[in-house]
Amino acid sequence: MKARRNKKQVPSFRKLLKTSKVKLENKLKNKQFKQQSTLKKYRKEQRKLRQAVKDAVSKKPIPLEDPKGKRPVKKIEREEEEEEEALPLDMMDEDDLQLMKDLGQRASFLTRDLSSSEPIHAKKQKKEHVIDKYEKIPRTLKTEPEKELIHLLPIKDKSGIIPQTREKPAIDINKDEEDQEEEMEDEEEIAEEPIRELTVEEHLIERRKKLQEKKIHIATLASAILSDPESNIKKLKELRSMLMEQDPDVAVTVRKLVVISLMELFKDITPSYKIRPLTEAEKSAKMRKETQKLREFEEGLVSQYKFYLENLEQMVKDWKQRKLKKSNVVSLKAYRGLAEVAVKSLCELLVALPHFNFHNNIIVLIVPLMNDVSKSISEMCCEAVKKLFKQDKLGQASLGVIKVISGFVKGRNYDVRPEILKTFLCLRIKEVEVKKDTEDINKPKKFMTFKEKRKTLSRMQRKWKKAEEKLERELREAEASESTEKKLKLHTETLNMVFVTYFRILKKAQRSPLLPAVLEGLAKFAHLINVEFFDDLLVVLHTLIESGELSYQESLHCVQTAFHILSGQGDVLNIDPMKFYTHLYKTLFKLHAGATNEGVEIVLQCLDVMLTKRRKQVSQQRALAFIKRLCTLALQVLPNSSIGILATARTLMHTFPKADLLLDSDSQGSGVFLPELDEPEYCNAQNTALWELHALRRHYHPIVQRFAAHLIAGAPSEGSEALKPELSRRSAVELFEAYSMTAMTFNPPVESSNSKKKDKILQGDSFVNEDLNQLVKKYCNEVATPSSLDFTKYLKTSLR
């Protein structure tokens, strides 16, 4: 048997912790008990002081002995104890004691109320009449007025509380009248000398001085907070209190400066994580000083950030409601300037702090302002949302904004600015299929279970496997990268909200000005739509085109959307979009040099999707018809459009090698080319030639000339007629943008033609000889004499 252990067990850490907690609770209780006892003593003393003041006011001294009734037993006992304390009884003789007792019973003058005028033996005269009693009271003449008493604070002594009073000093009436007259004279003198008003220049100098002081104060607080945010977090409140500046001279400027300063401060000192509220267990738990300091900083930062956002919201509301405050510190005209600064700060915080607290509250404030009547505020908010979409890699903030915008558009019954929906084009959402492929290739490594290890591995192998898995987990945590699954889920939810908004507008608001933005968005994200919706969506797009209510640019967006749908997942569908080819071929000549050229870029994108990317589904007749029409179109548009169109024709000639027959003058097959026919399949484009290229070869723009010569030579990739790399490697859209005419200048500038021989240009009289010049001047200066003119002789000779 084992021997029993007699050793005393060491108390555990929990037990020690529990004991220390009990001690702390006892200390707290003792402290509270002491505080209560001191409060009781203080109340008792106050009660005694109030009683003493009341007794002093009544002016009746407390009698030593009540002649009409017996005193209470407790009072008698207390007095006897006091007498015993004053003089011990064992120090007095018995005879002295008896004498004192007899005197105490007979000495009525000691116990008599001196303020009363009653006789000594009041008990014997109880039956006297009331009038007789009143007549016996001695009369006193009031020769002098009674003096008023001022009751002072009483004094506490060993014997008890002693009331204190003082006579009120008499006031001379004549002196009072003199003082009043002097005051009246002083007031008249003050009224006669008004305060000197400041001139405009002095007022401006004073305002500049005040403003400089405020700026220095703001800069001092801001620099202190930036130098040590954890220690100086309370100065944020002091800086935020300056938003309530009451000086009307500098109130607006100071408030603007404080708003911008606080915005920059929050951008700098805010941590890169969201601060959550503490639980009750975390608040009651013990912690180190550093942890406690950090928690205080976080709590102060969140509360001040919240109040700051509320202040910004109130500034915007004041401007919207145009309600003048009672203080009249800020005028109605200044509301707009304050509101613009507040909105700018909100936009900056929306972009800079998407991870921090109250970001959703900022979104709710910003989205309605995107549809504001003020164009500057609307553009500011739209640009901030676009910037947020572009830099949001995970998609959490983008999803929050999309949800609010979708609800806002629906709530306003689709009566919003098109710029709101154009912000959707900046979303960083790639193809879902690509994401799935990457997931299949880079699948997350699954770790073996214990049963699988036991079946397949030996003991040593299991040990090594365990260490390897632990190392892989640590490496994965060290990467700190968001999982692709989470990103995919957020992107899918975001796209669902976007397509719901688009489809609602297509269904209920087809005549809305939002339609171009919807079609543009569908063209960008159409490849991510579910295949089930393809047929219905294509039917809707075709009906929109056939309705004739769309503008040319909107119809181009419809065509672009349809082919984006068919170029992605739509490849599996057996759909021939001939009607969309026909529509584009028919409407190409609507582009011309007088237009703004906005439609040219969309046409170039459509041609790339319709012909180049779908080369296997496009027939040769259709390709030849489009090449011929594009070369004809290049004659009537601006130079940058001609460059883009010729670049597209070059790409098509490379894509369809048999297109070089358009460079020959001989006809191929039967039939005649019908340029006025709208069907590209049946216009017999193989029987024509690209004679437009010879006209374009003499174009004033050098790049157009280069492209035309290159196409005439058959678009070779090598040789003298080949294009330079800066032209051949660029797409048609890039060339269109590179040689843009938006600056209203030639790009590149056209060189002036200079002749080799510089002839001397002669002007005026230098053409004529000097003698001849003198003769001409002589006859010009002479006065002509009038003579009769007879034309009849010439007429007779002509008749003969």
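Is Tyr-779 buried or exposed? Tyr-779 is exposed, because its relative accessible area is 54%, and the word exposed stands for over 50%, buried for under 20%, and partly exposed for what lies in between, with a 1.4 Å probe and protein chains only.

Before I go on, this is a predicted model, in which local features need pLDDT of at least 70 and side-chain atom pairs count only at pLDDT 80 or more, while totals for chains, interfaces and linings use all residues. Residues are numbered from 1 along each chain as its sequence is written, and side-chain values use heavy atoms, with hydrogens and water left out.

Let me begin with the whole protein. It has 32 helices and 2 strands, where helices (H or I, at least four residues) and strands (E, at least two) are DSSP runs numbered from the N terminus. Of the 800 residues, 31% are buried. Among contacts, meaning heavy atoms within 4.5 Å, between residues at least 6 apart in sequence, 69% join residues at least 24 apart.

Now to the inside. In soluble globular proteins, nonpolar side chains tend to be buried together. Here, the largest nonpolar core has 161 residues, and Leu-236, Leu-301, Tyr-308, Leu-349, Phe-424 and Phe-707 have the most contacts inside it; such a core is a set of buried Ala, Val, Leu, Ile, Met, Phe, Trp, Tyr and Cys residues joined through side-chain atoms within 4.5 Å. Helix α11, residues 332-352, gives the most to this core, with 12 residues. If we leave aside neighbours within four places in sequence, the residues in contact with Leu-301 include Ile-233, Leu-236, Phe-266 and Phe-356.

Phe-707 brings us to helix α28, residues 702-712, where the buried residues include Ile-703, Val-704, Phe-707 and Leu-711. The cover over the buried residues of α28 includes α26 (639-655), α27 (692-696), α29 (725-728) and α30 (732-738). Just after α28 comes Gly-714, with a positive phi of about 95°.

Next, the strands. Strand β1 (residues 149-156) and strand β2 (residues 161-167) run antiparallel and are joined by 6 bridges, and strands count as paired if DSSP finds at least two bridges between them. His-151 has Thr-165 in β2 as its bridge partner. The two strands form a hairpin with 4 residues between them, and Gly-160 in the turn has a positive phi of about 150°.
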